[in-house]
Amino acid sequence: MRLNGSNKSVVNEPDKPVVRKKYKYTVISYIFNNYDQLHEVKCADDDVRYLLITDNKRLKSKTWEIHHYSEYECLQNLPDKWGIMYYIRFHPFEFCDTFVSIYLDASIAIKKSLDKLYMDFMSSNSEYGLSIHPYRNNVYDELNAWNKQRGLPMAEINAQRKLFSKTGFSKLVLFQGGVLLRKKGRISEVIDGLTWHFLRLTGTAFCVARIDQTILSYVIATYMSNSKYFIFSQHLIQSSYLAWMKHGTKEQLVIDSRFQIAPSVFGVKINPYRIE
């Protein structure tokens with residue numbers, strides 16, 4: 001409203017429409033239970049949205065757009081934080097309206113603009129981009145490693161093994177979920193929808209399974225193997241663009257090349273995308 005004339009009578013004016021900023025793509029991440037430190041984006045682009053969802057109402061950032069998870073209705077009926085985190089990871093387009101989303105684990109720091117990665121992904125004929133595992137090439141070895149190194153309960157391991165055995169799954173493939181590139185479309189919708197479904201199905205101690213890369217690999221190999229993928233290696237998060245940090249610290253991690261295996265999918269060696 002405004003004041004009109006000397007008598008200061010009130011004149012109502014129509015509300016101006018809210019103009020939403022158009023972004024080229026969205027980088028989405030999350031931090032829960034203070035598991036990771038916040039890594040500010042170096043050389044943040046004005047036309048890129050950096051969205052971080054958290055349970056910490058005190059978390060502040062100069063480069064990330066921070067939202068508390070309570071702001072999203074879709075996250076309110078999930079019984080635990082594991083469910084909330086994986087819902088965000090596998091439903092990125094419920095939190096952004098750009099055609100492309102780049103999910104990053106919060107332990108991965110952005111060191112410079114990701115426009116090259118975005119442009120290379122856009123120019124590919126792929127709708128889904130993900131990393132090949134540097135050390136292992138099958139889901140069963142990954143489950144065993146998580147049991148030995150992270151104490152993954154046998155109940156969860158057996159639930160996933162039971163799922164895999166129903167289709168006789170034995171393909172040599174293992175992807176990772178720390179960096180996920182998507183174009184909004186049917187392929188991404190199906191992969192993420194099935195992955196979320198099977199994560200819920202095999203959850204034991206929590207409402208979802210704690211380990212997602214085995215389920216994601218199973219879904220792609222079993223239901224979506226004919227699609228084309230933008231596959232990269234661990235090189236991406238050890239480049240001048242991204243850095244992989246130890247959880248909860250500013251300490252950068254380095255992949256031990258002594259234990260790396262040749263990248264392959266279904267037993268066939270591949271040449272993954274390299275950003276530099």
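The protein has 6 helices and 13 strands. Keep in mind that this is a predicted model. Along the principal axes, the C-alpha atoms fill a box of roughly 85 × 40 × 40 Å. There are 276 residues in the protein, and 50% of them are buried. Residues 24 or more positions apart account for 70% of them.

Next, helix packing. Two packed helices are described by the angle between their axes and the distance between the axes. Let's take α6, residues 213-223, with two partners in turn.

Partner one is α4, residues 154-166. The axes of α4 and α6 come within 11 Å and cross at roughly 5°. An angle under 35 degrees counts as roughly parallel. So α4 and α6 are roughly parallel to each other. Who makes the contact? From α4, it is Gln160, Leu163 and Phe164. From α6, it is Thr214, Ile215 and Tyr218. That contact has 4 nonpolar residues, 2 polar ones and no charged ones.

Partner two is α3. Here the axes of α3 and α6 are 10 Å apart, and the angle is about 170°. Over 145 degrees counts as roughly antiparallel. Therefore α3 and α6 are roughly antiparallel to each other. On the α3 side we have Val139, Glu142, Leu143 and Trp146. They meet Gln213, Thr214 and Ser217 of α6. This contact divides into 3 nonpolar, 3 polar and 1 charged. Note Thr214: it takes part in the contact with α4, and it also takes part in the contact with α3.

On to the open space. The largest pocket holds about 1,100 Å³. Its lining has 43 residues. Which of them are the closest to its centre? They are Asp105, Trp146, Arg150, Gln213 and His247.

α1 gives the most, with 5 residues. By type, the lining of the largest pocket divides into 21 nonpolar, 12 polar and 10 charged.

How many cavities of 30 Å³ or more does a search of the whole structure find? It finds 2.

The largest cavity has a volume of about 60 Å³. Ser29, Ile31, Gln37, Leu38, His39 and Leu52 are among its lining residues. Trp64, Leu104, Asp105, Ala106 and Ile108 line it too. That gives 7 nonpolar, 3 polar and 1 charged. Asp105 turns up here in the cavity lining, and it is also one of the residues closest to the centre of the largest pocket.

The second largest cavity has a volume of about 40 Å³. Its lining includes Ile132, His133, Arg136, Asn137 and Leu174. It also includes Ile261, Ala262, Pro263 and Ser264.

Where does it sit? Ser239 is found in the loop between β10 (229-232) and β11 (242-244). Is Ser239 buried or exposed? Its relative accessibility is 4%. Buried means under 20%, so Ser239 counts as buried. What is Ser239 in contact with, leaving aside its neighbours within four places in sequence? The partners are Lys111, Ile275 and Glu276.

Conventions
Residues numbered from 1 in each chain as written. Predicted model: local features only at pLDDT ≥ 70, side-chain atom pairs only at ≥ 80, totals over all residues. Heavy atoms only, no water. Axes fitted to C-alpha atoms, helices over the stretch in contact; angles between N-to-C directions. Helix = DSSP H or I, 4+ residues; strand = E, 2+ residues; numbered from the N terminus. Parallel < 35°, antiparallel > 145°, perpendicular 65-115°, else oblique. Contact = heavy atoms within 4.5 Å. Nonpolar A, V, L, I, M, F, W, Y, C, P; charged D, E, K, R; others polar. 1 Å grid on protein atoms, 1.4 Å probe; cavity = no way out; pocket = protein on both sides within 12 Å on 5 of 7 lines; lining within 4 Å. Points joined across faces, edges and corners; volume = space filled by probe spheres on them. Buried < 20%, exposed > 50% of the residue type's maximum accessible area, 1.4 Å probe, protein only.
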